[in-house]
Amino acid sequence: MSLNKVQLIGNVGKDPDVRYLDNGVAVAAFPLATTERGYTLANGTQVPERTEWHNIVLWRGLAETAEKYVHKGDKLYIEGKIRSRSYDDPNGIKRYVVEIFGDNMEMLTPRSVQGGQPQPAAPKQQPAASAQPARQADAADDLPF
């Protein structure tokens with residue numbers, strides 16, 4: 001038995017490049033960055049944060065969704081499989097590419113944020129008056145924590 005499954009949560013590095021094949025099938029490709037936080041070891045050594053870039057490929061309906069709604073800076077959840085391929089570049093050098101073929105995608109950036117830029121929030125409604133009586137202040141309210 002074998003399993004080829006990848007789950008990523010990261011930020012889109014650039015707007016998806018969407019192409020349509022001769023038969024009308026959409027293919028989207030874009031980079032996704034995942035970052036591991038930096039930390040300090042017990043002996044005081046600083047380990048810096050590390051960003052990994054992943055080549056994401058989406059097909060058909062997912063590609064069309066990405067074309068409409070995914071933008072640089074958006075946070076995405078991608079689930080799929082890892083694929084590798086090679087090709088010869090124009091200079092005859094063999095190049096290797098690792099790609100994530102997405103089977104599932106969830107957009108994690110709130111709709112009020114478009115293209116990484118926050119949009120003005122809608123005015124909030126005042127909460128309805130509570131039937132609970134107001135709480136009396138006590139000494140614990142004066143503590144700084």
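Q: Which residue in S6 does Thr35 stand opposite?

A: The general idea is that strands (E, at least two residues) and helices (H or I, at least four) are DSSP runs, numbered from the N terminus, and that two strands pair if DSSP finds at least two bridges between them. In this predicted model, Thr35 stands opposite Thr51 in S6; strand S3 (residues 26-36) and strand S6 (residues 50-59) pair in the antiparallel sense over 10 bridges, and the bridge partner of Ala29 in S6 is Val57. Residues are numbered from 1 along each chain as its sequence is written. Because the model is predicted, local features need pLDDT of at least 70 and side-chain atom pairs count only at pLDDT 80 or more, while totals for chains, interfaces and linings use all residues, and side-chain values use heavy atoms, with hydrogens and water left out.

Q: Which strands pair with S3 over two bridges and over four bridges?

A: S1 pairs with S3 in the antiparallel sense over two bridges, and there Asn11 stands opposite Ala33. Strand S2 (residues 17-20) also pairs with S3 in the antiparallel sense, over four bridges, with Asp17 opposite Ala29. The hairpin of S2 and S3 has five residues between the strands, and in it Gly24 takes a positive phi near 90 degrees.

Q: In which sense do S6 and S8 run, parallel or antiparallel?

A: S6 and strand S8 (residues 94-107) run parallel and are joined by three bridges, with Val57 standing opposite Phe101 in S8.

Q: How do I read burial, and is S3 enclosed or open?

A: Buried means under 20% relative accessible area, exposed means over 50%, and partly exposed lies in between, using a 1.4 Å probe and protein chains only. Eight of the 11 residues of S3 are buried, so this strand is largely enclosed by the rest of the structure. By contrast, Arg60, in helix H1, is exposed, with a relative accessible area of 53%, and its phi is near 50 degrees, a positive value in a residue other than glycine.

Q: Which residues have the most contacts inside the largest nonpolar core?

A: In soluble globular proteins, nonpolar side chains tend to be buried together. A nonpolar core is a set of buried Ala, Val, Leu, Ile, Met, Phe, Trp, Tyr and Cys residues joined through side-chain atoms within 4.5 Å. The largest one here has 17 residues, and those with the most contacts inside it are Phe30, Leu32, Ile56, Leu58, Leu76 and Ile78. Strand S1 (6-12), S3, S6, helix H1 (60-69), strand S7 (75-88) and S8 each supply at least two residues of this core, and the largest share, four residues, comes from S3.

Q: What polar contact does the side chain of His54 make?

A: A polar contact is a pair of N or O atoms within 3.5 Å; within protein, one must be able to donate a hydrogen and the other to accept it, and residues adjacent in sequence count only if both atoms are side-chain atoms. His54 lies in strand S6 and counts as buried at 16% relative accessibility, and its side chain makes a polar contact with the side chain of Thr34 (2.8 Å).
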